[in-house]
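Work through the exercises below with the sequence and the model side by side. Try each task before reading its solution.

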Amino acid sequence: MRLHEREMPLDPEVERELDAIDRALAGEPVDADLAVLAELALELRSERPEPTAEIEAKLDVLAAAGFPPRASDRLGRLRRRVADASRPLRERGARRLLPALGAASVFVVAIGIGISQSGILRGGESATQTVTPQAEPGVSAAGGTAGPSGNLTHAVRHPTSTIQSHRGADTISRPQANFARSGKRAATLGDLSVGPNNRKVAQNVDLGLSTSPDDFRDAADGVLDVVRAHRGFVVRSNVSGGDPGVSGAKQGRADFTLRIPAGELSAAMGDLSDLGHVVSRSDGSIDITNRFVSTRKRIDALTAARDRLLQELGQAVTLTEQQSIRARLRIVQAQLASAHDDLARAQQRVQLVPVSVTITADSKADSGGAWTIGDAFHDAGRVLTVTAGVALVGGAALLPFALLAALGAAGRRQWVRRQRNRALDAAPGSSPSCLRDAGAVEDPAVRRSVLVGLEVRLAGAADRAEPVVGNLVEGGAGRDAAVGIALLRVVDEPAGGADPQLSGLGFGGHPAAAYPSIGGMVTQADERRRSSPKPARHRCSTGAVFVPQAGIRATKAGRARVGRGWSPKRRAAPPR
Amino acid sequence: MKAVPARNRGVNETVAAVAIEIPTDADVAFDELYRRNRDDVHAYVAGLLRDRSAAEDITALTFERAYRRRRSFNPKRGTRRAWLFGIARNAALDELRRRRRQATLLAEPVDEAAIPPEQGAEVAIRRAALRAALASLAPRERELVALKFFAGLTNPEIARVIGISETNAGTRLHRVIKKLRRACDEAA
């Protein structure tokens, strides 16, 4: 951004002369005292380079063709092709719609991302499902067993895992754990209870449901119906609050402890899930095969012991002996009964799955029925929220890159502008006028050192080669007798007329960075020096004297001045 | 949507086809810009570069760039002419940048035949002195002369093209004229 400069008025005389120039160029009369100026303006106008007829014809042909890009400009040609292809659309005004179309497409993409992230298409409300298969102590989770039987080859395949699931979004890896959308479909974990034929797996399920306050009572009643329909029974139930007929009733909550036959578990869980929103579900399983095996072995051993005791009792002859055997027999029978009880309990644990159901009345929960306009508003809100979040995160992520790109573009623009100005300053004709007056011509074959112009910053090595501000004060001429001590004790001789004017200080020095180097300049005096044994001397307007030296061109001195380690005073100076 | 009567359909299609062929305002403005400024741009570029063959290429490049960006012209930022010469200046300076990497012709030799013999020796001498004075100008000064006297830009337009204030442009121009006058007087 450019600051507006405060305009200072032109000097009236300058303004008058500029006005006279404009009038002269326009063919209008000017004041008599400015006639010379007007004549100069017209002469300058007459120096105007006119294009030849051939150039005019070429330009007209290009203009007729719409100034096609040159063959070397591949990008331009591609751009032209695209422009030609899109011309019909532009003619119909489609260009004006581009910003709107761009904004709309961005909005659509953001909404798509928002919907995909919100999970509405997959069911929306999230629920937590925990599947916790547990191995009985003694059975390794990896599938082996350390039990006494030693014939079990594998046990529970899935160790403890917690799965975060959205509404209906089944992310559980097991196909059996299919979670229903909005609680309408059952989560089937039937296979979890049915292991291989020789496996005994005890399961347990905890189910959390939420319903609207109006549906709370129906859901609680529905639990009993489901249990009855699937031949299970209720171990314990507790229903409190949530009575729609009572004003100010506290929020409803119901807890059920159920037993569901393992074969009916999948269907029963599906029906229970239909009663409301599934807020959470936890499935657990324990492999109790070892318990079965050990109990059966214990029963077999006790049975054998009992048979043996009975046989001994039949062969006993003394009363004492018979009493002793009967006492032992009672103990064995008690142990046998206990073992049978253990086996029965284990059987029951496998066949009747404990299910814990919790139902809460939540005013925010929908009734689980059809998709309503309220659901639509809710989903729309979620979409907008997620969309705004995605846009915010995207913007925050892109902001640094955008800033960097903007900075890079601004820097590049500034660099190009500076390069252009430098190109203008370094254009032919920008050499010192003193040298031009002396007849110097630039030799394009001689290249400048990249360090030319930096002599002040490299002070020391540049001593006397090209006198600039930093090199003005010289300790002395040393052994070289000065041909001419130009000014301020500068021995100018080796520089070969590098800067005899020293115009930058009023009478002397100049700022190095602004002063054009003379690298690549060969004076006519050099040529004269070649043909004459006596060096020619030039005197510039400031009185500075320099001596062009044959065979030592300024460029050599320019190179010498940046080379540290040897004295340009001694090597650059030619013998006299 | 209301259906177009069959008897009008052909007429409507014809009108639409003609409408597509009509050039836009930007095209018309560019055409006029080209016709009015072709020679001026060439003169400015040739004066700045001092190379007629390069001036032809740069002039074509200038109009090519201007044609490509003709719809991006903003009248609030200056006249269309100043905009065009800004493009020409950038193209010419890019050419100078390119030349810095190459050894090129410094300046075209003076065409002695360009001065008609019937104008006499005095005019020839004056012309020669003026050309010498022009050749002695620094590139920035030469650019001012090219913009003012070759391209015919006004001082505000020159200020806009170069990127300086109008007062500064006038001051610089006056300084260059003064320099040229002095050089010509000395030569005379």
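The exercises that follow go from confidence to helices and then to nonpolar cores.

This is a predicted model, in which local features need pLDDT of at least 70 and side-chain atom pairs count only at pLDDT 80 or more, while totals for chains, interfaces and linings use all residues. Residues are numbered from 1 along each chain as its sequence is written, and chains are lettered from A, ligands being numbered from 1, in the order in which they are written.

**Exercise 1. State the average pLDDT of chain A and find stretches where pLDDT stays under 50.**

Step 1. The pLDDT (the predictor's confidence in each residue, from 0 to 100) averages 68 in chain A, and 55% of the residues score at least 70.
Step 2. Residues 123–128 of chain A stay under 50; the model gives them 23 contacts beyond four places in sequence. Two residues are in contact if their C-beta atoms, placed from the backbone, lie within 7 Å.
Step 3. Residues 453–523 of chain A also stay under 50, with 184 such contacts.

**Exercise 2. Compare the span of helix α1 of chain A with the expected value, then locate its buried residues.**

Step 1. Helices are DSSP runs of H or I with at least four residues, numbered from the N terminus. The expected span is 1.5 Å times one less than the number of residues.
Step 2. Helix α1(A), residues 12–25, has 14 residues and reaches 20 Å between its first and last C-alpha, close to the 20 Å expected.
Step 3. A residue is buried if 20 or more other C-beta atoms, placed from the backbone, lie within 10 Å of its own. In α1(A) these are A:E17, A:L18, A:A20, A:I21 and A:A24.
Step 4. They lie on the same side of α1(A), because they cover an arc (of the directions from the helix axis to the C-beta atoms) of only 155 degrees.
Step 5. Their cover includes α2 (35–46) of chain A, and α7 (155–162) and α8 (166–187) of chain B.

**Exercise 3. Identify the buried residues of helix α11 of chain A and what they pack against.**

Step 1. The buried residues are A:V332, A:A339, A:R349 and A:V350.
Step 2. They pack against β3 (201–211) and α10 (289–315) of chain A.

**Exercise 4. Describe the largest nonpolar core.**

Step 1. A nonpolar core is a set of buried Ala, Val, Leu, Ile, Met, Phe, Trp, Tyr and Cys residues joined through C-beta atoms within 7 Å.
Step 2. The largest has 59 residues, of which B:Y44, B:V45, B:A88 and B:A92 touch the most other members.
Step 3. Leaving aside neighbours within four places in sequence, B:A92 is in contact with B:V45, B:L48, B:L49 and B:I58.

Terms used. Helix = DSSP H or I, 4+ residues; strand = E, 2+ residues; numbered from the N terminus. Buried ≥ 20, exposed ≤ 12 C-beta atoms within 10 Å, placed from the backbone.
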